[in-house]
Amino acid sequence: MNPCWTCRNRRVQCDLSGSPCAKCTKAGVECFDKRPLRWVKGVAIRGRMQGYSYEGNQNDSPKASKNAKRPRSKQDVPASALVKSFDGTRRLPTALPDPSMLNLDQVSKYYIDYYNERICKLFIVYDSDRNPFRSLISFGLQDPVLQKAILALAARHHANTGQSFSQIEAPTSPGLVNADRDALSFKHQAMEALSRTIGAGDTQKNDTTVASIFLLIFLDLLESGGDGWNFHLKGAKSLITSYRPMLESQAGVNDGPGQTLQEIWGFISNQIHSIETLGATFLRPKTLTDFTSVNNENVQPQEAIEKSFLGCPEYLLTAIQFFSNERDTIAESDLSEEATRETHIQDTTAMLELVQNFDSYAWALSVQHPRQPSVDEISNLCTLSQAFKTGTLLYGGRVLDALKGTYTVQDELVSELLGLLNALKDDDALFKCVLWAIFVAGLECQSQPQRDFLVECLEVFWKDTSCLNVVNAAKILRNYWEKLGSENPSKWIFDIGCLGRDWLLL
């Protein structure tokens, strides 16, 4: 079943529930399967008779109205009306343009199209009609800050596609040079517009402002992964916290636009939770401020894989957050008292046992899918979950070692994680989610063949994503391996955050 024309025209995701669909019913609009007939003034809407009308019944000869236009031939179509596709050719548009895009210049239209086709599926596990990143387009067409953030994201990714994993250089081809220049310009405009909006204290724009900041975090992944994502994260969390009372007051409101806004806020809040939880593992203790997701008080019975950035099970995120808190306690507190230290050891051991007992296959079966998944898709999703699970066990094991003052050999877990990564290498949708697991494996592995394999994984990740943070991840690991020498990698949970920059390696 295809989405209805009304939802497509309103730029909302049709729920395909029937005719009329639930979205149109809730919004109070008429649901059309196809574009409805439109009555116009005049004999014809186009062609030689456009603008002519019959006035009364006095005669049958059509008369030109004041707004009549002369017939246009194909040669009259201006070059600007042609759409430039990604392969550089120009073609006539295959569909009528969105009215909200008519005021955009050709460069902006190109990057909006690029964002729709390339970016939306990059930062989500599975692309679908309900992709929240795509839902931001309609809001961005009405808001200058969000629009510039979208354009900057698309332009930066386009500029990165011409780079080499082994040596990043300034682009040389004219197209990529222009894309690089566009990315810098759009980012500058987005930051200036964001500064003005926040400075004006316009709370009515909190929704699009948070969405803009959210996209700037992903822009940082494309640019380096270590420039300022944590400041963007802090700003977004602050706005979400201040906006929470209004969101709670609107709970249960099911009108079309309101429901869409609620869904976007919930999505952004959940992904910020994922980013800060996994990102904190490679940072100095207490670098990030505490944050409670918008949906924490009303946890959904099922996780929706179509609305997840990385596909890490919420159960494992909770465990990772616990281990990070334990690490921070070790770094900042005096645990010399035997009773206090023993309590932390018992709690950490118990959490490791819970993670060990986590059933990845049951989780893969339980998550919400945009459609009926195949057996292979369930199996691959289970493998992705196991990769996060094994990385969590490695991280938690090192925290337990720090509490006990011991060193545990974790070679079996490292080998298991490498096998899981190898199994995911051919799945383009899921492999782009495993940079965190690759990096954890890199911090633990000690044999050269294992390290060579992980560098190969990073290069595959680069080809799939064009995110420069993976190039920096490879540099960090090489430097870490060189300094580590023959020492045991037991203290990386503390040392890896002292790199001079706060890296986001997701």
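**Close-up 1. Asp180 and Arg156 form a salt bridge, with the closest N and O atoms 2.8 Å apart.** Asp180 belongs to helix α6 (residues 174-200) and Arg156 to helix α5, so the pair ties together parts that are 24 residues apart in sequence. Asp180 is partly exposed, its relative accessible area being 22%. Arg156, at 9%, is buried. The model is predicted.

**Close-up 2. A salt bridge links the side chains of Glu306 and Arg130, at 2.7 Å from N to O.** Glu306 sits in the loop between α9 (256-279) and α10 (314-332), and Arg130 in the loop between α3 (106-122) and α4 (132-140); the pair therefore ties together parts that are 176 residues apart in sequence. Glu306 has a relative accessibility of 2% and counts as buried, whereas Arg130 is partly exposed at 40%.

**Close-up 3. The side chains of Asp328 and Arg327 meet in a salt bridge of 3.0 Å, N to O.** Asp328 is buried, with a relative accessible area of 7%. Arg327 is also buried, with a value of 1%. The whole structure contains 8 salt bridges.

**Close-up 4. Helix α18 (residues 468-484) is mostly covered, with 12 of its 17 residues buried.** Among the buried residues are Leu468, Ile476, Tyr480, Trp481 and Leu484. The buried residues of α18 pack against α5 (144-160), α7 (206-223), α16 (435-444), α17 (448-465) and α19 (492-495). At 1.5 Å a residue, the helix should span 24 Å, and its end C-alpha atoms are 24 Å apart, which agrees. Just after α18, Gly485 adopts a positive phi of about 60 degrees.

Technical notes
Residues are numbered from 1 along each chain as its sequence is written. This is a predicted model: local features need pLDDT of at least 70, side-chain atom pairs count only at pLDDT 80 or more; totals for chains, interfaces and linings use all residues. Side-chain values use heavy atoms; hydrogens and water are left out. Helices (H or I, at least four residues) and strands (E, at least two) are DSSP runs, numbered from the N terminus. The expected span of a helix is 1.5 Å times one less than its number of residues. Buried means under 20% relative accessible area, exposed over 50%, partly exposed in between (1.4 Å probe, protein chains only). Contact means heavy atoms within 4.5 Å. A salt bridge is a side-chain nitrogen of Lys or Arg within 4 Å of a carboxyl oxygen of Asp or Glu.
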